[in-house]
Amino acid sequence: MLKAQTGTSIKSDVKLAGQEAAQAVKEVKDAKMAFVYSGVQYDQKALLDAIGEELPGVPLVGNTSFTGVITQDGFVSGDDGFVGILALGGEDLTVGVAGLKKEGTARETGKKVAELALKKAGKDTAPDYFYMVAPPGEEEFYLKGISEVIGRVPFFGGSAADNAIAGEWLLFTDEMITADGVAVAFFYTDKGFANEYTGAYEESEHVGIITKVIDNRVLAEIDGVPALKKYQEWTGASDEEVAGGNLLSYSITAPLGVKDPLGDLIAIRHPMNGNEDKTINVGNNLAENTAIILMKGSVDGLIASTGKAVEKVTEKLCGKPAAYHLVHCGGRRAGIDARIDEVAEELKKAAGDVPFICEFTFGEYGFEDDSKNTCGGLMLSFSAFEK
């Protein structure tokens, strides 16, 4: 039987914070791993050391989260820092946790971290599913490297975040901390796993062909027209609303989306910056000669989608859930702003008495049905582990 427990703290003393959060998960006597999400205010090494003292021998993996976490205790945040832990254990669970700083290309590093995770798990076969965390920027390439080693295995996770998009994010395991690298957890178990990966936006009538992309993540042209100009035509946005970083917040309720080949999944592409040359920086990779869609949403919809996503992933799971791991986009959280407690209530209502942790990321990873693993932005990647 899979066992799970969460713990949190907002103590200003980083050692006391780590101790308090870790002590709360000690009910999981045979913990095989623990997810850790924290505020950039903390000294992450001191935090991980404090957690490790309370949970000796338990592999840790996670990252800094945007402004807070959510558990059954509600939205947990503090001016001096915050930390949330989800520990998982069980006799029939084996987990290999590994992390590496980037060496060579992201793809090469992804391949090396997968090989290391197999070694940590004591296995020579692909895991049943896996978790990944990387910094914003090259997520797709880390994933390609991992897939070279283990093939197409269902995955979930998100990109490290900070509180101000200032590049202060970190990802970590109990053995390493880096701003530029990747960490994974390979799970081996007979128990079920399910993932609900969605932006929960509606398609608009506006769709075009991507005719020019620069360096994977700069959308230059749609239908041969400068991308920012086309976006303004579709949305009616003013020059000021899409100038520079203003586009980041404007597009939270009007992002772009790309469909997978079967139409089962729309991966959201978050417009991050409106450039003077009328190109758009986006948060994930794009491909020329594919379709891109203007999506529609609202703050009310962003809030309501969280509870619905928990309900959907529960329906997908073949059995009773032992825990939920919820990856929620930091951009969505920024758009929700002061109404974040409403999200906490949605999650608590949908999860019932099942432990869960929700982190806020700058990129979300997941899959839908037989679609391949995908990285996106402004999305939810909600996972459920069978009891």
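Predicted model: local features only at pLDDT ≥ 70, side-chain atom pairs only at ≥ 80, totals over all residues.
Q: Why is the pair Phe35 and Phe156 edge-to-face?
A: Their planes are at 65°, so the pair counts as edge-to-face. The ring centres are 6.2 Å apart.

Q: Where in the chain do those two sit?
A: Phe35 is in strand 2 (residues 31–38) and Phe156 is in strand 9 (residues 155–158). Helices (H or I, at least four residues) and strands (E, at least two) are DSSP runs, numbered from the N terminus.

Q: Is Phe35 buried or exposed?
A: Phe35 is buried, at 0% relative accessibility. Phe156 is buried as well, with a relative accessible area of 0%. Buried means under 20% relative accessible area, exposed over 50%, partly exposed in between (1.4 Å probe, protein chains only).

Q: Which residues form a cluster with them?
A: The aromatic cluster is Phe35, Tyr37, Tyr129, Tyr131, Phe156, Phe187, Phe193 and Phe385.

Q: New topic. Which ring does the charged end of Lys123 sit over?
A: The ring of Tyr188, 5.3 Å from its centre. Arg152 lies over the face of Phe367, at 5.1 Å from the ring centre. The rule is NZ of Lys or CZ of Arg within 6 Å of the ring centre and within 35 degrees of the ring normal.

Q: How much space is in the largest pocket?
A: About 780 Å³. On a 1 Å grid over the protein atoms alone, a pocket is an open set of points with protein on both sides within 12 Å along at least five of seven lines. In a cavity, a 1.4 Å probe fits but cannot get out. Lining residues have an atom within 4 Å of a point. Grid points are joined across faces, edges and corners, and a volume is the space filled by probe spheres set on the points.

Q: What lines that largest pocket?
A: There are 28 lining residues, and Arg269, Lys372, Asn373, Thr374 and Cys375 lie nearest its centre. Helix 4 supplies the largest share, four residues.

Q: And the second largest pocket, how much space?
A: About 520 Å³. It has 31 lining residues, with Ile165, Leu248, His270, Met272 and Phe362 closest to its centre. Helix 9 gives the most to this lining, three residues.

Q: How many cavities of 30 Å³ or more are there?
A: One. The largest cavity has a volume of about 50 Å³. Its lining includes Tyr129 and Phe385, two members of the aromatic cluster.

Q: Last one. Is Glu54 buried or exposed?
A: Glu54 is buried, with a relative accessible area of 16%. Glu54 is in helix 2 (residues 44–54). Its side chain makes a polar contact with the side chain of Lys26, at 2.8 Å. A polar contact is a pair of N or O atoms within 3.5 Å; within protein, one must be able to donate a hydrogen and the other to accept it, and residues adjacent in sequence count only if both atoms are side-chain atoms.

Key
Residues numbered from 1 in each chain as written. Heavy atoms only, no water. Phe/Tyr/Trp six-rings, centres within 6.5 Å; stacked < 30°, edge-to-face > 60°.
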